[in-house]
Amino acid sequence: ADIPVIPDLEEVQEEDLAMQVAAPPSVQVNRVLTYHDLDKDLMKYAAFQTLDGEVDLKLLTKVLAPEHDLREDDVSWDWDHLFTEVSSELVTEWDLGQPERED
């Protein structure tokens with residue numbers, strides 16, 4: 001009874017679960033807040049204006065950068081180009097740091 005048995009091909013075919021698809025999980029999706037909504041909430045609620053009831057964050061919230069200043073365009077990176085650029089900058093910095101030798 002303790003000896004493992006190699007199953008027959010017919011038994012394996014009957015138990016083939018590869019073609020069965022599991023039902024997707026049901027997830028309740030909540031609305032994602034925009035930056036504009038978050039900015040409104042930040043100014044509206046007093047809870048966001050103090051930290052631990054001691055530190056006043058009003059001054060910080062007045063000087064936060066607006067969203068349009070923080071947005072950047074997506075730039076795709078090419079590994080070879082990036083590696084060459086960084087290597088070149090490092091070599092340039094190294095050359096500037098080395099005193100010129102007289103032969």
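Helix α5 is hardly covered: among its 19 residues, the count of buried ones is zero. Keep in mind that this is a predicted model. The protein as a whole has 103 residues, and 4% of them count as buried.

**Overall layout**
- The protein is built from five helices and two strands.
- Going along the sequence, the order of elements reads α-α-β-β-α-α-α.

**Helix α5**
- α5 covers residues 79-97, and its end C-alpha atoms sit 27 Å apart.
- That agrees with expectation, because 19 residues at 1.5 Å a residue should span 27 Å.
- α5 is also where confidence is highest in the protein, at a mean of 91.

**The patch around L33**
- L33, Y35 and L38 make up a nonpolar patch on the surface, and together they have about 290 Å² of accessible area.
- L33 itself lies in the loop between α1 (9-14) and α2 (35-44).
- Is L33 buried or partly exposed? L33 is partly exposed, because its relative accessible area is 38%, and buried would mean under 20% and exposed over 50%.

- The average pLDDT of the protein is 77, with 74% of the residues scoring at least 70.
- Confidence is lowest in α1, at a mean of 65.

Definitions and conventions:
Residues are numbered from 1 along each chain as its sequence is written. This is a predicted model: local features need pLDDT of at least 70, side-chain atom pairs count only at pLDDT 80 or more; totals for chains, interfaces and linings use all residues. Side-chain values use heavy atoms; hydrogens and water are left out. Helices (H or I, at least four residues) and strands (E, at least two) are DSSP runs, numbered from the N terminus. The expected span of a helix is 1.5 Å times one less than its number of residues. Buried means under 20% relative accessible area, exposed over 50%, partly exposed in between (1.4 Å probe, protein chains only). Patches are made of residues with over 30% relative accessible area and no salt bridge: like charges are joined within 9 Å, nonpolar side chains (Val, Leu, Ile, Met, Phe, Trp, Tyr) within 5 Å. Accessible areas come from the Shrake-Rupley method with a 1.4 Å probe; for residues, only the protein chains shown count as cover. A salt bridge is a side-chain nitrogen of Lys or Arg within 4 Å of a carboxyl oxygen of Asp or Glu. pLDDT is the predictor's confidence in each residue, from 0 to 100.
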